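This report describes selected features of a single protein chain.

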Amino acid sequence: MVKRYFWKVWSIAIIYSLAGGLSGAMAQEPLTLDSCRNMALRNNKSLSIADEVVTQATYARKAARGAYLPSIDFTGAYIYNQKEIQLVDVDAIRSTIGGLGFPASLASALIPDDLLAFDTHHVAVGAVTLTQPVFMGGKIKALNDVATHAEELAGSQRRLTEEKVITSVDDAYWLVVSLEQKRALAQNFVTLVEVLHNNIAAMVAEGVATRSDELSVNVALNEAEIALVKAENGLSLSRMVLAQLCGMPLDSNFVLQDAIPQDTTTTDTPLPLIDMASVYDRREEIKSLGYLTLMAEARQRMVLSSMLPSLAVVGAYTFNKPNLYKGFKTDIDGMFRVGVVLRVPIFHWGTDFYRYKASHSATVVTRIETEAAKERIELQVNQATYRYSEAIKSYNMTCKNSEKATENLHNAQVAFSEGVCTTSDVLAAQVAWEKAQTEKIDAYIAVRVSRAALGRALGETHYGE
């Protein structure tokens with residue numbers, strides 16, 4: 001009976017070792033980390049918003065280019081007047097003529113009713129104006145610089161959003177991988193304890209084991225089943241999170257490439273040589289702050305332009321009805337006008353100067369923020385390097401612990417089969433083996449996660465299909 005238990009245990013171990021090949025053969029088109037990243041980039045709502053922000057900035061830049069070119073405007077107005085304009089009092093003139101002894105008929109003939117009367121019932125005016133800036137104190141150039149850097153900033157912010165999405169996907173992906181492997185481990189551990197439970201029950205029936213041994217195994221089996229339920233529940237929730245990030249239905253049934261059991265040997269990968277200047281050039285946070293600094297400098301030049309003279313050429317064609325150019329005729333007539341407009345600021349109680357000093361302070365603030373960001377990035381790189389190095393060392397130690405725990409379980413099983421080891425010793429060896437395997441899984445996932453974090457800290461990651 002004991003020898004039969006021994007061979008069943010090692011049959012389970014062989015099946016567990018071959019699970020990678022079977023799972024790989026049965027799985028169809030498993031999702032890789034890159035495929036999950038690409039799906040998340042295609043379906044993320046925050047990235048869609050960032051795309052619209054970039055589009056908005058592009059249109060704003062194109063709109064700013066128009067400030068270099070002449071503007072043409074049309075202005076028109078129509079007015080209806082109840083009464084018309086008459087410049088003389090006809091009745092008064094006629095009375096004056098009558099007072100001189102002239103007959104009234106003669107006065108009426110000499111002074112008609114519509115003398116100096118103008119039809120102003122319908123009045124229309126209009127103008128077509130062309131304005132060409134010549135010198136605006138550098139305001140137009142600064143405005144275009146702001147728009148250009150704003151578009152670059154929007155693109156940089158979009159890439160930062162990509163990094164956040166990718167970080168979320170990476171964390172969810174490796175969490176699913178970890179829980180998949182832990183669930184498989186929990187299932188095998190339950191099977192392992194079940195075999196021991198069945199054999200102990202048979203041994204109790206034959207009188208070669210005690211009821212206490214059976215109860216101890218029952219407790220261990222219950223604990224293993226509870227751990228399996230927790231692993232399955234956690235896995236279901238983590239799969240939902242990953243599916244949501246990738247834009248898939250929450251109940252999607254997918255297999256992750258790294259979740260398939262396989263050889264997870266990790267060697268002491270040499271740490272990359274770090275050049276902080278290159279890191280700063282690659283990090284989007286520094287690029288964004290650089291664009292903000294350039295925008296602040298351009299706004300500073302815009303404020304300065306308000307303190308300088310400005311010159312523009314203005315041309316216009318105006319028309320009106322009645323025709324004021326030929327004695328209030330009822331037809332429409334107009335004329336061209338060409339001129340220059342010069343504005344020279346003289347005295348504004350220091351308002352423009354103080355605005356300039358305020359914009360200068362804003363520029364200084366962005367430069368200080370850039371230096372602070374560089375310090376934080378340097379700390380982040382050092383921390384990521386340390387964590388990656390520590391993760392590799394931890395993984396190598398867990399591999400050794402796993403080998404020792406497996407050997408210890410083997411020795412305990414052999415000793416139990418020879419009758420020189422108790423049930424408690426076998427249970428302790430099984431628990432130690434399960435713990436060592438769990439720690440190995442955690443350490444392996446920590447290596448992968450810390451390496452990805454180091455890549456992000458160094459600004460070396462590239463996304464997209």
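## A loop residue with positive phi

W349 is found in the loop that separates β6 from α10 (351-417); helices (H or I, at least four residues) and strands (E, at least two) are DSSP runs, numbered from the N terminus. The phi angle of W349 is near 60 degrees, a positive value in a residue other than glycine. Most residues other than glycine have a negative phi. With a relative accessibility of 72%, W349 counts as exposed, where exposed means over 50% relative accessible area, buried under 20% and partly exposed in between (1.4 Å probe, protein chains only).

## Basis of the model

The model is predicted: local features need pLDDT of at least 70, side-chain atom pairs count only at pLDDT 80 or more, and totals for chains, interfaces and linings use all residues. Residues are numbered from 1 along each chain as its sequence is written, and side-chain values use heavy atoms, with hydrogens and water left out.

## Strand pairing

Strand β5 (residues 310-321) pairs with strand β4 (residues 122-135) in the antiparallel sense, over 11 bridges; two strands pair if DSSP finds at least two bridges between them. Within this pairing, V128 has Y317 in β5 as its bridge partner. β5 is also joined to strand β6 (residues 333-343) by 11 bridges, again antiparallel, and here S310 stands opposite R343 in β6.

## Aromatic pairs and charges over rings

Rings of Phe, Tyr and Trp (its six-membered ring) pair if their centres lie within 6.5 Å; planes under 30 degrees apart count as stacked, over 60 as edge-to-face and the rest as tilted. The count by this rule is 6 aromatic pairs. One of them joins Y317 and F336, whose ring centres are 4.8 Å apart and whose planes meet at 55 degrees, so the pair is tilted. Y317 belongs to strand β5 and F336 to strand β6, 19 residues apart. Y317 is partly exposed at 29% relative accessible area, whereas F336 is exposed at 68%.

Y395 and Y444 form another tilted pair, with 5.9 Å centre to centre and 50 degrees between the planes. Y395 lies in helix α10 and Y444 in helix α11, so the pair ties together parts 49 residues apart in sequence. Both Y395 and Y444 are buried. A charge sits over a ring if NZ of Lys or CZ of Arg is within 6 Å of the ring centre and within 35 degrees of the ring normal. R451 lies over the face of Y388 at 5.6 Å from the ring centre, and the charged end of R239 sits over the ring of F254, 4.1 Å from its centre.

## Nonpolar cores

A nonpolar core is a set of buried Ala, Val, Leu, Ile, Met, Phe, Trp, Tyr and Cys residues joined through side-chain atoms within 4.5 Å. The largest has 73 residues, of which Y173, L242 and L256 touch the most other members. Among the helices that each supply at least two residues of this core are α6 (139-206), α7 (211-246), α10 and α11. The largest share, 18 residues, comes from α6.

Not counting residues up to four places away in sequence, L242 touches V169, A172, Y173, V176, F254 and L256; contact means heavy atoms within 4.5 Å. Another core, of 5 residues, lies apart from the largest one and includes V146, L153, M295 and A298.

## I441 in helix α11

I441 is placed in helix α11 (residues 423-458) and is buried, with a relative accessible area of 9%. Leaving aside neighbours within four places in sequence, I441 is in contact with S178, Q181, K182 and L185. I441 and L185 are 256 residues apart in sequence, and 9.6 Å separates them C-alpha to C-alpha.
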